[in-house]
Amino acid sequence: MHSGPVAAASGCATPAVRIDFDFEGAPLSRCVINGEREFTLLVAPEHAPPINPSPWYAFRYEAGQGAPVTVHLDYLVGDHRYAPKWSDGSIARQLEVELSQDGKRASFVLPAGSARVSAQEVLDTQWHGRAMGRWESEGGERIVLGRSHDGRPIEALTLGSAEAERLVVLLGRQHPPEVSGAVAMEAFVDRIVERLAEDTGLAERYRFLVVPLLNPDGVARGHWRANRGGRDLNRDWGIFSQPETAAVKTWLDANAIAQRPVVMIDFHSTRSNLFYVQGEEETDAREQAFLDSWLGQLAGQLEGFEFTIERRNANPGSGTSKNWFHATFDIPAYTYEVGDESDRSATKSAARRIADRFVETLPIAADSPKD
């Protein structure tokens, strides 16, 4: 046994166990060796304490036969939020956690063998790339809007006719740990792709700009919230100080005159299923009719996916995509939030039905005249 704690910047190793952070999505957490089969990981954000902490962690381990491996997560900022997900590549399960009274330490045990443990399932840039490739093969046009600080492509997909006069904008993964929102967005876009293939008239009337991975650096680096520039991207709209938001703005500047934006949806995750919509001071008859016809028709109708609708006032200058799109284009702009631990199968099924109803409701927003 070791005589005292030993720390390592990029991993831990004893004769019996090795812990590494050598894959995309794993932050370089500080690792402390407490004993041959006991470790502490110090979980800290990539910058100053963020708004709405999402304490992310991810690592892989290899452990020889013997007693279980004990891992403690010590949260230097925020409290325990995500139950650890264990996967050996073929089997995945959620681990039981013993939580300290103050919520600052979570402890769990790992079996011998090799596996990966993470706050949520790891949906890395390759996962997003596979979805983009599938949508491209089914008629979408894959484009690069710009480059991140690390040089990663900020990719988008356009669906529907380039001659369409109406534009729908779908955004995702501004905040890296918000995996359940990414699951919903994939299923939502899958259904949009199918609906466009089924109805050529729909494809002629609407063009969709789909940006499923707006923060590729943050996802790859295992950030809690920010991009490589240390900025919460969902506080950068209207400021456009970061290459990711600026890339979307540049595309809109070039296309939004010929193709009028009519709706924007931004996919996120939080502790429950909900939709943030325009606040009371921004509500008009058109927006209310759109909301009633779309989400109002689905309330209580989605098995395993109960949701609430929360009107949130614009808070001018907050820099969120929801506020900027509404203020700039006078359109319904909503945040689609999925619960952290919402059942993934129910989330996907609900997202497809939500997409179906969205397509059927689009004319209410799209055909309203603008001053």
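User: Hi! Which residue does R286 form a salt bridge with, and how far apart are the closest N and O atoms?
Analyst: R286 pairs with D330, and the closest N and O atoms are 3.5 Å apart. The two residues come from distant parts of the chain, 44 residues apart: R286 sits in helix 6, while D330 is in the loop between helix 7 (321–329) and strand 20 (333–339). A salt bridge here is a side-chain nitrogen of Lys or Arg within 4 Å of a carboxyl oxygen of Asp or Glu. Helices (H or I, at least four residues) and strands (E, at least two) are DSSP runs, numbered from the N terminus.

User: Thanks! What kind of model is this, and how are the residues numbered?
Analyst: It is a predicted model, in which local features need pLDDT of at least 70 and side-chain atom pairs count only at pLDDT 80 or more, while totals for chains, interfaces and linings use all residues. Residues are numbered from 1 along each chain as its sequence is written, and side-chain values use heavy atoms, with hydrogens and water left out.

User: Back to that pair: is R286 buried or exposed, and what about D330?
Analyst: R286 counts as buried at 15% relative accessibility, whereas D330 is partly exposed at 37%. The cut-offs are under 20% relative accessible area for buried, over 50% for exposed, and partly exposed in between (1.4 Å probe, protein chains only).

User: How many salt bridges turn up in the whole structure?
Analyst: The search finds 33. One of them joins R60 to D20, with 3.5 Å between the closest N and O atoms. That pair also links distant parts of the chain, with R60 in strand 6 (residues 58–63) and D20 in strand 3 (residues 17–20), 40 residues apart. R60 is partly exposed at 26%, while D20 is buried at 8%.

User: Which other residue forms a salt bridge with R60?
Analyst: E62 does, and there the closest N and O atoms are 3.1 Å apart. E62 is partly exposed, with a relative accessible area of 41%.

User: Which residues are linked in a network of salt bridges?
Analyst: The network holds R191, E194, R195, E198, R352, D356, R357 and E360.

User: Switching to aromatics: how many pairs are there?
Analyst: The count comes to 19 aromatic pairs. The rule takes rings of Phe, Tyr and Trp (its six-membered ring) with centres within 6.5 Å; planes under 30 degrees apart are stacked, over 60 edge-to-face, and the rest tilted. F290 and F358, for instance, are edge-to-face, at 6.3 Å centre to centre with 90° between the planes. They bring together helix 6 (residues 285–294), which holds F290, and helix 8 (residues 344–366), which holds F358, 68 residues apart.

User: Which aromatic cluster does F290 belong to?
Analyst: F290 and F358 share one cluster with F188, F267, F275, W294, F307, Y334 and Y336.

User: And which charges lie over a ring face?
Analyst: R93 lies over the face of W86, 4.7 Å from the ring centre, and R116 over that of F23, at 4.9 Å. The test asks for NZ of Lys or CZ of Arg within 6 Å of the ring centre and within 35 degrees of the ring normal.

User: How many disulfides are there?
Analyst: The count is one disulfide, defined as a pair of cysteine sulfur atoms within 2.5 Å. It joins C12 to C31, with S to S at 1.8 Å. The link is left-handed, with -130° about the S-S bond. C12 is in strand 2 (residues 11–13) and C31 in strand 4 (residues 30–35), 19 residues apart in distant parts of the chain. C12 is buried at 3%, and C31 is buried at 0%.

User: Last topic, strand 16: why is it called largely enclosed?
Analyst: Strand 16 (residues 206–211) is largely enclosed by the rest of the structure because six of its six residues are buried. Y206, F208 and V210 point one way, and R207, L209 and V211 point the other way.

User: Which strands are joined to strand 16, and how do they run?
Analyst: Strand 14 (residues 153–160) runs antiparallel to strand 16, with four bridges, and L157 stands opposite V210. Strand 15 (residues 166–172) runs parallel to strand 16, with six bridges; there L167 has R207 as its bridge partner. Strands pair if DSSP finds at least two bridges between them.
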